[in-house]
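Subject: Handing over a structure, with notes on what was found

Dear colleague,

I am passing the structure below on to you, and after it I set out, step by step, what was found in it.

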Amino acid sequence: MMKQLPDIAASVAFWASVGTLWGAAGAWFTYAGAAKEARRQFHDGLMNLIAGVEAELDLVSAWASGGEGDKGYLLSKTRVQLVKEHQDWFNPSRMIFKFDTPALSSLTSSPYARPVGELLPSFVQLNHAIRQLLDYMDRLHGFVMGSLGLYQRVMEKFGAKDNPLALAASPTPMEITVPLVHTIEWSQDEKVYINHIFMMNEGIHQRIIGSEEGPPGCLYLTFRKARKELADFKAKHLTPQRAPRWHWALHIVAGFFVVSGIWQVLRWYGAWPKGW
């Protein structure tokens, strides 16, 4: 038989106490669930940022001699060696196409700048090296097209199409093949022109792109440092951040509140064995 229930005042007080216990537990579990979802979303956003940076590093890799075992454009190579190996550096039609790296450029201002703070110095240096390359490429293109008449004469001697319509209609070659420069008869201004183009290409490749020999701050070195640090950072953040340890203590307290409320209700209705 169900025992006689207390008066209204006692009932109100009882249910208020039980409601307080369950309300406190429910509020905590709601907060803990929201915090867990926030950590998951933050981790997903961080991984998306890293994926974008990795994609841009793959693009930069082609410019930074990023192939496995590639030593880059060594400073120890003499100009005579470079002339033999890179006849295409004389060719004014040799285009160096620019590229964009928005994820890299916005890394310092992204909402994830704080967790990736340890990477920022290396990526700032990499951004600077990329900017140097792009600026010097603009300078090279400006010089090459600074004299269209000289450009046309040189291209005719290199064996390119001298008909403007045929040149415009021809596909862009993936590789540029030029005859040996010393086998062509050049006028003095043409010599100055192609030699200057070669020296600018030499500066781009040996000094700005660089190699394992440097110089310090070159694209080759800053790229590899940034890529390694990013890989190490990603390896340490493959899963969302764990909840702080004190969360587990509050989980236990909240669980106790739930069980205590259930126990009080059972006792209230007399469903709990006597003596408990």
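The structure holds two cavities of 30 Å³ or more. A cavity here is a set of points, on a 1 Å grid over the protein atoms alone, where a 1.4 Å probe fits but cannot get out, while a pocket is an open set with protein on both sides within 12 Å along at least five of seven lines, and lining residues are those with an atom within 4 Å of a point. Grid points are joined across faces, edges and corners, and a volume is the space filled by probe spheres set on the points. Rolling a probe the size of a water molecule over the atoms shows where empty space is left.

This is a predicted model, in which local features need pLDDT of at least 70 and side-chain atom pairs count only at pLDDT 80 or more, whereas totals for chains, interfaces and linings use all residues. Residues are numbered from 1 along each chain as its sequence is written, and side-chain values use heavy atoms, with hydrogens and water left out.

The largest cavity holds about 40 Å³ of space, and its lining is made by Leu49, Ile50, Val53, Leu107, Val116, Leu119, Phe123 and Leu230. Helix H1 gives the most to this lining, with three residues. By class, the lining of the largest cavity divides into eight nonpolar, no polar and no charged residues, where Ala, Val, Leu, Ile, Met, Phe, Trp, Tyr, Cys and Pro count as nonpolar, Asp, Glu, Lys and Arg as charged, and the others, Gly among them, as polar.

The second largest pocket has a volume of about 240 Å³, and its lining includes Ala38, Arg39, Phe42, His43 and Leu46, together with Pro115 and the residues Lys236, His237, Leu238, Thr239, Pro240 and Gln241. Helix H1, which covers residues 8-61, again gives the most, here with five residues. The lining of this pocket has six nonpolar, four polar and two charged residues.

**The protein as a whole**

The protein has nine helices and zero strands; helices (H or I, at least four residues) and strands (E, at least two) are DSSP runs, numbered from the N terminus. Of the 276 residues in the protein, 36% are buried, which means under 20% relative accessible area, while exposed means over 50% and partly exposed lies in between (1.4 Å probe, protein chains only). If we take contacts (heavy atoms within 4.5 Å) between residues at least 6 apart in sequence, 83% of them join residues at least 24 apart.

**The loop between H7 and H8, and helix H8**

Serine 211 is found in the loop between helix H7 (188-209) and helix H8 (219-236). Is serine 211 buried or exposed? Serine 211 is buried, with a relative accessible area of 0%, and, leaving out residues up to four places away in sequence, it touches Lys71, Gly72, Tyr73, Leu74, Leu75, Cys218, Tyr220 and Leu221. Its side chain also reaches the backbone oxygen of tyrosine 73 at 3.4 Å, and a polar contact is a pair of N or O atoms within 3.5 Å, where within protein one must be able to donate a hydrogen and the other to accept it, and residues adjacent in sequence count only if both atoms are side-chain atoms.

Proline 215 also has its place in the loop between H7 and H8, and a cis peptide bond, with omega about 5°, joins glycine 214 and proline 215. Threonine 222 lies in helix H8 and counts as buried at 5% relative accessibility. A polar atom of the threonine 222 side chain lies 3.4 Å from the backbone oxygen of leucine 219.

Valine 18 lies in helix H1 and is buried, with a relative accessible area of 2%. The C-alpha atoms of valine 18 and valine 258 are separated by 8.8 Å, although these residues are 240 residues apart along the chain. Glycine 255, in helix H9 (residues 245-268), counts as partly exposed at 24% relative accessibility. Glycine 255 and leucine 21 are 234 residues apart in sequence and 9.9 Å apart in space, C-alpha to C-alpha.

With best wishes
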